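Visitor: Hi there! Could you walk me through this one?
Guide: Happy to, let's bring it up.

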Amino acid sequence: MTWDVLVRRAIRLAVLVFMAAAVLVIETRHWSPHRSVPAVILLGLSVVGMLLLWPMRRGDHRYVPAILLVTAALTVALGIVTPDTLGGLFLFLPVSVAAIRWRIDASAAVVVGIVVCYVGGTWLVWHQWPDWWLLGGLAGSYLGGLLDHTHQERVRQSAELLEQKQRVHVAEARSATLAERSRIAREIHDVLAHSLAALAVQLEAADALLGAGREEKAREVVRTSRRLAREGLAETKQAVLALREGASAPLPESLSALLAATAPDGAAAGEDGRDGRLRVDGTVREVPEEAAFALYRIAQEALTNAAKHATGAPVRMVLAYGADRVELTIRNDPPPDGAPTALAAAGSGYGLTGMRERLEPLGGTLEAGPLDGGWQVAARIPV
């Protein structure tokens, strides 16, 4: 119950009391038992009907039509019985309520019925036509009710639209939260799972070597484990920086650092400070964070595969900025003589599947396969 509702109801009640008092006073001054007694009874019933009708909400639709039609019939009878007093003014009340509560076709039918019954009843009982101003007042009351009905419909539609927007906003926020959780989980898996799995394997190997009395070989494995731990810590810090908005390094610098970390025995840095094995074509520009991170992880996976399947083979990267896309190509040469290789079966591993899964939500594509005895991976993302 808001203040505007209270004010409107107070005004309606005041108008109803004033009209009822005016009709009662006039009937008392011109008292005629055969006319005034029915008029007072109809007046009381009409007031009760309006008092019951006004507080009802739209949800009480089962009772509103019946009460409205009965009240309209009572006011028509009151207007016919009291043609020389203010009883006809009560016709305005059911007319305005019908215009406010019902659709225009239903309310128009009610108004037409009220006017026909009132005009016809007045002519049949008193052999005279009602005053023209009363009919004009009925038309004005109906138009005012239609305006109120239109305003209420707009308010209701605005409330429904606002509620719908709020539901959409909540759904979007939830979707964004779930997407961010998935992204964080994926990055934690990519960084920690690989590092910890490799570290566990090395430690198990060290334990087995110590049990066999091969201490020198065990020390070498421990040193490898220490290097893996440092690399995993560096990768974790890089992932944390990238997950913070605006904290990730530009893509060329990130790829250059990745080359230096995973293949430290490569080419020297160029004039711009980047690793010489990285070539950047086109004008460097900022790309969406998701696209940059996907390319970084694809480069990381490609370098890992090159280290496993073509140990010691040179690796080169080309980062190309196009008008509507960014493309990253990682290529490794054939492995040196005697080095183990498994290029023929590499395409069936999970690494390439994970790369494609990263690119699919971004609308990107991946091409991977042997090239001149080596292996090439090309990832393209529209930006």
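Visitor: What share of the chain counts as buried?
Guide: Of its 383 residues, 37% are buried, meaning under 20% relative accessible area with a 1.4 Å probe, protein chains only. This is a predicted model, where local features need pLDDT of at least 70, side-chain atom pairs count only at pLDDT 80 or more, and totals for chains, interfaces and linings use all residues. Residues are numbered from 1 along each chain as its sequence is written, and side-chain values use heavy atoms, leaving out hydrogens and water.

Visitor: How do helix 4 and helix 5 cross?
Guide: The axes of helix 4 (residues 92–101) and helix 5 (residues 104–126) come within 8 Å and cross at roughly 165 degrees. Axes here are lines fitted to C-alpha atoms over the stretch in contact, with angles from 0 to 180 degrees between N-to-C directions. That makes helix 4 roughly antiparallel to helix 5, a label for angles over 145 degrees.

Visitor: Nice. Which residues meet there?
Guide: From helix 4, Pro 94, Val 95, Ala 98 and Ala 99 meet Ser 107, Val 110, Val 111 and Ile 114 of helix 5, with contact meaning heavy atoms within 4.5 Å. By class, this contact has seven nonpolar residues, one polar and no charged ones.

Visitor: Switching topic: where does Asp 372 lie?
Guide: Asp 372 sits in the loop between strand 4 (365–371) and strand 5 (374–382). Although not a glycine, Asp 372 has a positive phi of about 55 degrees.

Visitor: And is Asp 372 buried or exposed?
Guide: Asp 372 is exposed, at 60% relative accessible area; the cut-off for exposed is over 50%.

Definitions and conventions:
Helix = DSSP H or I, 4+ residues; strand = E, 2+ residues; numbered from the N terminus. Parallel < 35°, antiparallel > 145°, perpendicular 65-115°, else oblique. Nonpolar A, V, L, I, M, F, W, Y, C, P; charged D, E, K, R; others polar.
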